[in-house]
Amino acid sequence: MLAENGNGTAILYSNDFKSVVGTGPIKDGLKDGAWNGSLNDTLRYEATYKSGNVIKGNGYAKSGNKYPFNMEYTVPEFMGGLNKFGSYLAKSIVYPPEARNHNIQGRAILTLLLTGWVFYTTFTAYREMKSWPKKLCV
């Protein structure tokens, strides 16, 4: 038996149960002590927990790069926050000159696609105006 009454050792599996993503001690049902595991074949981690909270940890990429962390999960965010993102959009979305010259109006629709895990996130923006060729707006 690995754990009894919420105390012992826990093994966490991927959603498809094909790989182990973490192993470590639990106390009262919470991670407590030294944990290690991997998120995929390119990223592994070691972390110290106290009562379910990360005290400190390091992620290691296959390339050898080390990434210290102090939270288990973080929500992706534009570097600099929401205000910087708004400024970036204001500077980056360009009204097509031909549409401006012909007084063609429309609505810009922006869709963000976040891809990747913790350290590998990219933004891809798509926009298009009604009644105007897509190739001029993307």
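Helices (H or I, at least four residues) and strands (E, at least two) are DSSP runs, numbered from the N terminus. On this basis the protein chain contains two helices and ten strands, and its elements follow the order β-β-β-β-β-β-β-β-α-α-β-β from the N terminus. The model is predicted, so that local features need pLDDT of at least 70 and side-chain atom pairs count only at pLDDT 80 or more, while totals for chains, interfaces and linings use all residues. Residues are numbered from 1 along each chain as its sequence is written, and side-chain values use heavy atoms, with hydrogens and water left out.

The accessible surface of the protein chain amounts to about 10500 Å², and 55% of this belongs to carbon and sulfur atoms; areas were computed by the Shrake-Rupley method with a 1.4 Å probe, and for residues only the protein chains shown count as cover. Of the 138 residues in the protein chain, 21% are buried (buried means under 20% relative accessible area, exposed over 50%, and partly exposed in between, with a 1.4 Å probe and protein chains only).

Two aromatic pairs were found in a search of the whole structure; rings of Phe, Tyr and Trp (its six-membered ring) pair if their centres lie within 6.5 Å, with planes under 30 degrees apart counted as stacked, over 60 as edge-to-face and the rest as tilted. Y13 and F17 form a tilted pair, 6.3 Å centre to centre with 40 degrees between the planes. Y13, located in strand β2 (residues 7-13), is partly exposed at 44% relative accessibility, and F17 is exposed at 64%. In the pair of W35 and Y49, the ring centres are 6.1 Å apart and the planes stand at 65 degrees, so the arrangement is edge-to-face. Because W35 lies in strand β5 (residues 33-40) and Y49 in strand β6 (residues 43-50), this pair ties together parts that are 14 residues apart in sequence. Both W35 and Y49 are buried.

With neighbours within four places in sequence left aside, K31 is in contact (heavy atoms within 4.5 Å) with L12, P25, I26, Y49, K50, S51, G52 and E72. K31 is buried, with a relative accessible area of 14%. The side chains of K31 and E72 are joined by a polar contact of 2.8 Å (a pair of N or O atoms within 3.5 Å; within protein, one must be able to donate a hydrogen and the other to accept it, and residues adjacent in sequence count only if both atoms are side-chain atoms).
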